[in-house]
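Visitor: Please show me the model, and tell me what stands behind the terms used for it.

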Amino acid sequence: MSVPILKTEGLTHVYSQGTPFETTAVENVDFQAERGEYLAVIGHTGSGKSTFIQHLNGLIRPTSGRVLFDGEDISKSKEKLRNIRFKVGMVFQYPEYQLFEETVYKDIAYGPGNMKLSKSEIDERVREAAAFTGLSEDLFEKSPFELSGGQKRRVAIAGIMAMRPEVLILDEPTAGLDPVGREDILANIRKYHDSMGSTIIMVSHSMEEVAKNAQRLVVMSGGHIVMDGSPAQVFEHGRELTEMGLDIPIAAQIAMKLRDMGLSVDKSVFTVKQLADSLVRMGRKDCD
């Protein structure tokens, strides 16, 4: 049996421990991600998902429990932890606010430069990451601060992709973008996943986005993982998800209402096509 690329064992994080403000953000979480998997972590605000993902490349340390990369504790040594941050790349929400270099090229090259690569290898990675994110090389010598919001987002994501992480974690990568910008970013992430075979972990509030893109959904609530499965398996529990304060895809909402009316719509429906197919099958049965 293969070793998961990422695994947590009994992961717990307590903020302000031992003070009147003590808060348990994540509690006793066991999780694993397989190599090459595309999964989404979803949950309402305050569910613990952002705290959870920040443990996965050692940005914050667990109060108890541990995080394993390829079977080894990432906190084993300072050198191990430093190397993990190249292998597990993190794109924060609104990453464009972290741009700082004089040119687009230098910003994308910053991460690979810290990996002590040759100039030719850095150049190759910058151009590769720009292509993945749909950035024209004509922009390389421009200041990133002259770009549109969507272009800045692409530069920030390209800077992480240029390190070729084995795991790419994205916290709300489409936040604040218009519909076209959101779909462009998601298409870029899919292209990277398909081409590089990296594990993708995406945090999102959008059930439509995760339904279209992720192979597996991990649902968090109250600092715990409460559901874990394929989109079809998770969206079968539409009522429980809405009770947690989460939206579900429109097709799943319609299917749930139809079931409430007594129609036998499949519980695993979460796309418009699945809903249409289910209604066609029901119509055929009525005609028989």
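Guide: This is a predicted model, in which local features need pLDDT of at least 70, side-chain atom pairs count only at pLDDT 80 or more, and totals for chains, interfaces and linings use all residues. Residues are numbered from 1 along each chain as its sequence is written, and side-chain values use heavy atoms, with hydrogens and water left out.

Visitor: Why is strand β3 called largely enclosed?

Guide: Five of the five residues of β3 (residues 38-42) are buried, so the rest of the structure largely encloses this strand. Buried means under 20% relative accessible area, exposed over 50%, and partly exposed in between (1.4 Å probe, protein chains only). Strands are DSSP runs of E of at least two residues, and helices are runs of H or I of at least four, numbered from the N terminus.

Visitor: Which residues of β3 cover each side?

Guide: Tyr38, Ala40 and Ile42 are buried on one side, Leu39 and Val41 on the other.

Visitor: What makes β3 and β8 a pair?

Guide: Pairing requires at least two DSSP bridges between two strands; β3 and β8 (residues 199-203) have four, in the parallel sense.

Visitor: Why is the contact of Arg66 and Glu9 called a salt bridge?

Guide: A salt bridge is a side-chain nitrogen of Lys or Arg within 4 Å of a carboxyl oxygen of Asp or Glu. For Arg66 and Glu9 the N to O distance is 2.8 Å, so the contact qualifies. Arg66 lies in β4 (residues 64-69) and Glu9 in β1 (residues 6-15), so the pair ties together parts 57 residues apart in sequence.

Visitor: Is Glu102 buried or exposed?

Guide: Glu102 is exposed, because its relative accessible area is 58%.
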